Every structure is written in structure tokens, then in C-alpha cells.
Amino acid sequence: MKKSLLTRSFGIAFAPLLLSVSYAQAAQTESYYLIEEIPFSAENGLSEAQSNIVVTAASEDGEFVAGNALTFRTYFRFYDFANRTTYDYGCQYASEVCRMFNEGEGSFYDLYRKRLREQRSNLYQSNVLAFLAERNVSGSHSDGKNISPLPQWSTINEKLFIFDEQTNSDYTTDTRVNHIDSQLGWAVGYDSAPFSISSENYYTREFIQRGFAYNLFTQAKVSLLPTAFNSSGDLADDRGGLSAGLTTIEQDGRTLVIGLASVGYSNNDSFGECQRGDEQSYYRCSGFHTQAWVWDITDAQDGDEVIGQALVDGYARSRYSNAPNYNYLKDYNGEFFVGLSSDDVYDSNNGSRGRAAIYSDNGDGTYQVKRIPNIRIDGDNDKFEDSVSHTWATGVNQQNLVIGNLRYVEVKSRNRPVEGFVYDANESSENFETVNWPLRNKPFSGANSEFADINNNGLIVGWKDGATEEQPAYNGTTRRQTAMLLDYQRYLAGETSFNWSLNQLTCYEQDGEAKVPLYRIEYATHINDEGDIFASGYHYETANDFIYGLNPRPVLLKLVRNPAVTDIDDLAVCPSLEEQKYERKGAANIWLGLILLPLVFVRRFIKK
């Protein structure tokens with residue numbers, strides 16, 4: 001039974017600044033979404049990660065949220081050591097900027113090398129910090145609007161400890177939470193082993209990465225072991241192996257963790273080249289072949305090490321020995337899983353690429369993998385393999401609608417875009433096996449649109465280019481993203497308005513003024529069936545900072561549906577300030593900008 005989050009009363013907590021613009025005869029229009037902020041303190045490394053804080057998991061009832069804070073420089077935002085596509089994002093900045101990200105002290109590749117199994121004389125300090133927060137809000141939505149005070153969750157003030165001891169001041173493990181199920185009571189993910197100094201005065205660790213299940217209510221921690229694949233049967237001989245928890249399900253009264261586990265080396269040379277951290281060798285990472293795995297944690301107790309078994313037989317395609325084979329499951333709708341599976345392209349020197357996949361039940365508790373068909377590029381599909389690095393599925397709902405993305409490796413309109421798709425896997429649907437691209441080339445060729453989650457009402461969340469981010473990206477600067485909501489049923493019905501930025505949905509009108517909470521919401525990652533959305537972005541202290549993108553404070557947000565607004569077509573007359581470029585010209589100031597807003601930067605959404 002899902003709990004309604006819209007009927008609770010809150011005490012007073014948080015009062016952000018708002019940007020106001022006056023309009024003659026403006027309506028008393030409320031915002032479509034109400035904001036809750038999930039603040040965090042600057043303790044335990046979070047202050048060093050202020051530009052890389054994202055939501056990685058949220059419970060369906062909206063009571064728990066988890067995320068990552070990265071402390072290294074990187075041009076990709078959603079770092080996942082277990083996901084092969086992490087390493088193929090590609091830098092689109094000028095070469096000098098890319099070198100700054102990739103080389104030198106504090107860069108991604110420098111820290112990647114340091115996180116590996118043997119560190120010799122240098123102690124690794126954790127640079128991927130996971131946190132977990134439970135909803136314990138105070139404050140109230142005054143008059144059902146985004147005006148002070150806003151509800152505020154308890155402050156996140158420390159990292160999540162799994163294999164590190166909390167009393168240890170040298171935090172040396174990298175952690176990620178992939179899924180939260182508050183009904184079953186577990187969060188799952190992966191953690192690395194803490195470093196210890198050996199008798200030879202070298203720092204070592206037992207394993208690079210190990211899956212875990214963390215009980216939300218008892219704080220019990222369970223290790224999810226991979227299987228040993230060498231003849232000795234000892235994981236130590238397999239250099240610790242690799243595993244990760246990706247989701248949880250309940251089946252026949254049992255609580256199961258679905259994830260991945262190493263089943264062999266792609267080969268010893270590939271393993272070594274990946275682990276040395278050479279940028280040119282990351283197509284071989286993680287150095288292991290991994291397979292979809294299942295662990296039964298029904299009766300697991302704190303400190304237990306659980307051995308699992310294979311869930312899937314085979315991959316989308318595999319034929320080369322050097323490139324790693326992998327299955328990575330993203331979501332489950334009770335009938336089948338979706339995710340990505342390895343597909344070797346070209347030869348072993350180019351590595352394996354991910355292909356969006358469906359994992360269906362064989363009827364005996366095992367699953368078979370099938371590539372999602374009919375995914376096409378915009379152009380010459382004979383060059384699909386040349387143009388596309390990865391396709392992957394991220395979510396599926398009860399109507400068997402699958403969402404996913406395609407990432408270009410070649411340049412399209414001076415950008416290497418990501419494009420979101422929807423695949424209809426319902427065999428009784430007239431659109432069975434149809435793939436649609438609601439935002440492809442909108443509003444221009446080569447635009448980005450990335451889909452993260454879908455609910456049972458066909459509402460999709462993700463992000464896309466900001467409205468004025470039209471400049472060429474490749475060898476220049478990547479485009480700023482804005483979080484968005486897309487109604488797939490309205491898209492299918494041919495409605496002209498079927499997607500909106502979340503900034504548009506959080507402003508409102510009051511007493512003839514448009515009120516804009518000073519948030520730039522950039523990445524929406526989760527939506528539940530009540531329409532609640534989890535996202536990350538920035539808050540600004542003043543309207544001037546908001547307009548010019550100055551002094552941002554990173555925030556995690558929960559957006560709650562406003563029960564007083566039922567028609568998304570009846571939105572407020574609001575300035576589209578989140579879409580303005582970050583530049584000043586001459587003596588322009590905030591007051592001049594506000595005077596011109598009603599004439600230049602205002603959109604009106606009119607009910608059809």
C-alpha cells in the first residue's frame with residue numbers, strides 16, 4: 001500500500017528566495033509541482049563534491065533517497081564502476097579542457113588508478129561517497145504554493161558506511177546505492193574494500209568491488225559474493241572478483257537481490273591493462289566478464305556473506321576474448337527485466353558496446369536475453385555500428401512500455417548526443433515492437449534528450465538541452481541540461497504540448513506576480529506512480545545570481561504533485577529565466593532584465 005505524501009501537515013522549516021515579476025490582471029495560478037529540499041552538510045567530503053551530487057536511487061513510496069557525491073573532476077556525471085558505458089561517454093570540450101579532466105592530480109583517470117587493488121605507498125581516500133536519507137520533513141507548503149516555508153528533509157551529513165568502519169578517519173571505500181525497496185526493507189549496491197597496510201608497508205585491499213544489501217531499518221549489512229572461477233575455488237586467486245546489487249524483488253515469499261557477478265577474466269592481459277588505469281585501455285574494463293546474478297537474502301543476518309547463482313545464460317552477442325562481456329539489469333515490472341547487454345563491435349581493440357535488452361523468464365527461474373529490436377539512428381542505418389557507442393534501457397512500466405537511450409560515438413550536428421526512445425513490448429498492443437523518439441532533433445538536429453524513469457501512467461522523467469543551448473558542443477562546451485517531464489500518452493495522441501521543464505512546473509502566479517523559486521533543476525532521475533519526482537540541481541540566493549548562474553548551491557529535490565492543480569495545460573505566466581545564457585552585456589542589470597521580462601522572456605501555456 002503506497003502512502004499518500006500530499007495529505008501530511010508539516011512544521012515550519014525552509015524559506016528560499018523567489019523571483020517575482022508583475023503582470024496586469026494575472027491569475028491566481030498555483031504551481032503544478034511543490035518543492036521539498038533534501039539538504040546536505042559539508043562533512044565527510046561532501047563539500048568537495050558540490051558539483052557532482054546526483055540521485056542514484058529512490059524508493060517507490062518516496063520515503064527514502066540515495067545518491068553519490070564525486071570528489072574528482074569529470075566530464076560525465078553518473079559514474080558507475082560496474083557499468084561499462086561509464087567509460088565511453090567521450091569528452092566534447094576543447095582538447096585543453098579534456099586534458100585537465102583526464103590528466104594530472106585530482107583528475108578522473110588519476111584517481112581511477114589510485115582506487116585499484118594495490119596502492120603501494122599512497123593511501124587511497126574515498127572519492128565516490130554514497131549517502132542515504134529518510135524522509136523526515138518539517139515545514140508546510142503555505143497555501144499549496146512554492147513560497148516560504150518549504151518542507152525540508154533531514155540533513156545528509158555523512159557518507160554511507162558498508163565495508164569501511166565509521167570510526168575509521170581514513171575513509172577508503174567507494175560506494176554506490178543502485179536501488180531502494182522500502183517495502184522489502186533493503187537498499188542494494190556495491191562498495192569497495194577498505195585499504196590496510198601490509199607487512200611490506202604497502203597499502204592493499206581484498207577486493208575492488210563487492211555487492212551489498214543494507215537493511216533500512218536494522219542497518220544489517222550483507223555481502224553479495226561473486227563466484228570463484230579459477231581451479232583453486234578461492235576468490236583471492238581471482239583478485240577479489242566483482243559483484244554489484246542492482247535491484248530487489250520478492251518471489252514465492254523470498255527476498256532476492258538481482259545484480260551482476262564476475263565469471264571470468266576477459267583475459268589476463270585485458271584485466272591488467274584495465275587495472276593499470278591507462279585511458280586508452282578502458283574499453284577493456286572492468287577486466288572481468290560479468291553475468292546477471294541472483295542472491296537469496298531472505299534469512300540473511302548482519303555480516304553474512306551470501307553466495308548466489310547465475311540468472312541469465314548468454315549475452316546479446318559475444319565473440320571476442322579481449323573485450324568484456326556483461327549484462328546490466330536496470331528495472332523490473334514483474335514480468336521481465338530491462339537493461340543492457342554486451343555486443344562486440346568491430347574487433348577486440350574497440351571493445352564491447354552495450355545494447356538495450358529485455359530479459360524474459362524461461363519458466364524455471366532463469367532468464368534469456370534479447371536485444372530490443374527496431375532501434376534506429378537518424379540517418380544511414382547501414383552505419384549504425386559506426387555511429388552508436390551504446391544503447392540501453394533504463395525503465396519499464398506495467399504496460400510493458402520500455403524507455404531507454406542511444407548514445408552517439410560519432411558527431412551529429414557538432415554534438416555527440418544522447419537520444420531517448422520508447423519501445424512498446426506489449427504483444428497485444430497495436431504498436432508492438434514500435435520504437436518512438438519523442439524528442440529526437442527537437443528543437444534542432446543533434447539535440448540531447450535522456451530518459452531516466454517511467455511510471456505506470458506513462459509519465460517519463462529525464463533531462464534535455466536547455467532551450468537556448470544551441471551552440472555546437474563538440475570541441476567547445478557541453479550543453480547545460482534541464483530536467484523535464486514527458487507525457488507519453490499525450491505524445492501518442494498528437495498533443496502539441498507533451499513535455500515540460502520542471503522549472504516551468506514549479507513557478508506560479510500570486511497577486512499579479514509570477515513567482516519563480518530560485519532553483520535550476522537539471523537532472524530528474526526517478527518518478528513514482530503518484531507523480532513524485534526526485535531530481536538534482538542548484539539553488540541561488542538572489543535573483544541576480546539565478547539569472548546569471550552565479551554562486552550556485554547544489555541541492556537534491558523531491559517534487560510533489562500539487563493536489564490543487566489537476567490540469568497541466570493551465571500553467572502560470574512565468575518568466576523562462578532558467579533558459580537564459582550565463583553572460584552579461586554592458587551595463588545590463590537585474591532591474592532592466594525584470595522590466596523587459598513581460599515582453600521578451602514570457603511563455604503562456606493555454607489550455608487546448
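Q: In what order do the four strands of the open sheet come?
A: In this predicted model, the order is β13-β14-β15-β17, and the pairing is antiparallel.

Q: Which strands are at the edges?
A: The edge strands are β13, residues 243-251, and β17, residues 309-310. Each of them pairs on one side only.

Q: What holds paired strands together in general?
A: Strands of a sheet pair through backbone hydrogen bonds, in a parallel or an antiparallel manner.

Q: And how many bridges join β13 to β14?
A: Eight bridges join these two antiparallel strands, with β14 covering residues 254-265. In one of them, Q251 has R254 of β14 as its bridge partner.

Q: Changing topic, how many residues are in the largest nonpolar core?
A: That core has 47 residues. Y79, Y112 and L311 have the most contacts inside it.

Q: Which residues does L311 touch, leaving aside its neighbours within four places in sequence?
A: L311 is in contact with I258, A292, W293, V294, L329, F337, G365, T366 and Y367.

Q: Where is L571 found?
A: L571 is in the loop between β34, residues 553-561, and β35, residues 574-575.

Q: Is L571 buried or exposed?
A: L571 counts as buried because its relative accessible area is 3%, and the cut-off for buried is under 20%.

Q: What separates the C-alpha atoms of L571 and Y32?
A: A distance of 7.2 Å separates them, although L571 and Y32 are 539 residues apart along the chain.

Terms used:
Residues numbered from 1 in each chain as written. Predicted model: local features only at pLDDT ≥ 70, side-chain atom pairs only at ≥ 80, totals over all residues. Heavy atoms only, no water. Buried < 20%, exposed > 50% of the residue type's maximum accessible area, 1.4 Å probe, protein only. Pairing = 2+ DSSP bridges. Core = buried A, V, L, I, M, F, W, Y, C linked by side-chain atoms within 4.5 Å. Contact = heavy atoms within 4.5 Å.
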